[in-house]
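Let's take a walk through this model together, beginning with the ligand and what lies around it. Have the 3D view open as you read.

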Amino acid sequence: MQHDASDRQSGTGRLIYLVGPSGSGKDSLIDASRERLSAAGVEIARRVITRSAEAKGEAAHGVTAEQFEAMRAQGAFAMHWRANGLDYGIPLQVDQWLSAGRSVLVNGSRAYLVEARRRYPNLLAVLVEVRHGVLRERLLARGRESAEEIEQRLARNARLQALADPSLHVLDNSTTLETAVAALFTLLHDEGVLPQV
Ligand SMILES: Nc1ncnc2c1ncn2[C@@H]1O[C@H](COP(=O)(O)OP(=O)(O)O)[C@@H](O)[C@H]1O
Ligand SMILES: O=P(O)(O)OC[C@H]1O[C@H](OP(=O)(O)OP(=O)(O)O)[C@H](O)[C@@H]1O
């Protein structure tokens, strides 16, 4: 089924497009917010990634490159991109949720933000940031990537930081996850995604 921009905006649901460098804590923030988001009626998109299912700390659906290409060719993705040597896809189900008036949180890509905004003009772009130096520590502590892959992620971050988009709402995750979760919910209330309390 083909969708155009007006189809994607027809519901009242809001796309919450969460971005930030690899290692800034997007997955951790999503996991720590999952129950509260669900209770508030916000859906969380499950990413499809060409990363092995055994990879630590990942709630995504791991597929082979061939499976990903077959899914893409069948139109299974609302959005997809390639980064860090991996393919990432966001299931088409996101569009059904939005059309039904449900807000949806997506773990997105900064490099894909312009295209995401073209498709979903009303999206809420949220940037998870950490203080200088923390990123390297977090990536090393996560222990999922090799030293070379970590350096590539840090270099990608340095390139993408230079393109910072002023419309991004910044959430700091340099301290505790609880602080970042609280900041996310404050933002969702302030932006009208969730009712004011
Ligand atoms: N506020 C925090 N304090 C300490 N460690 C954190 C915090 N947030 C995330 N981490 C840790 O940092 C690493 C990277 O987090 P992750 O959620 O995988 O980042 P991303 O999804 O952005 O790549 C993980 O090991 C995670 O446990
Ligand atoms: O254009 P960028 O903003 O750099 O984003 C590129 C990709 O990296 C991030 O994934 P994730 O944090 O899961 O990366 P990882 O594979 O290193 O965990 C993000 O969710 C994107 O899918």
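Which element gives the largest share of the shell around ligand 1? Helix α2 does, with three residues. Bear in mind as you look that this is a predicted model.

Now zoom in on the ligand itself. Ligand 1 sits in the largest pocket. Two elements each give two or more residues to its shell, namely α2 (26-39) and α6 (134-142). In total, 14 residues surround ligand 1, and the closest are Gly-23, Lys-26, Ser-28, Arg-142 and Asn-173. Sorted by class, the shell holds eight polar, four charged and two nonpolar residues.

The side chain of Ser-28 places an N or O atom 2.6 Å from an oxygen atom of ligand 1. Gly-25 uses its backbone instead: one of its N or O atoms there lies 3.0 Å from a ligand oxygen. On the nitrogen side, Arg-138 has a side-chain N or O atom 3.3 Å from a nitrogen atom of ligand 1.

Finally, turn to a loop residue. Thr-50 is found in the loop between β3 (48-49) and β4 (61-62). Is Thr-50 buried or exposed? Its relative accessible area is 17%, so Thr-50 counts as buried, the cut-off being under 20%. The side chain of Thr-50 also makes a polar contact, reaching the backbone nitrogen of Asp-87 at 2.9 Å.

Methods:
Residues are numbered from 1 along each chain as its sequence is written. Chains are lettered from A and ligands numbered from 1 in the order in which they are written. This is a predicted model: local features need pLDDT of at least 70, side-chain atom pairs count only at pLDDT 80 or more; totals for chains, interfaces and linings use all residues. Side-chain values use heavy atoms; hydrogens and water are left out. A residue is near a molecule or strand if one of its heavy atoms lies within 4 Å of it. A polar contact is a pair of N or O atoms within 3.5 Å; within protein, one must be able to donate a hydrogen and the other to accept it, and residues adjacent in sequence count only if both atoms are side-chain atoms. On a 1 Å grid over the protein atoms alone, a cavity is a set of points where a 1.4 Å probe fits but cannot get out, and a pocket is an open set with protein on both sides within 12 Å along at least five of seven lines; lining residues have an atom within 4 Å of a point. A molecule sits in a cavity or pocket if more than half of its atoms lie within 2 Å of its grid points. Helices (H or I, at least four residues) and strands (E, at least two) are DSSP runs, numbered from the N terminus. Ala, Val, Leu, Ile, Met, Phe, Trp, Tyr, Cys and Pro count as nonpolar, Asp, Glu, Lys and Arg as charged, and the others, Gly among them, as polar. Buried means under 20% relative accessible area, exposed over 50%, partly exposed in between (1.4 Å probe, protein chains only).
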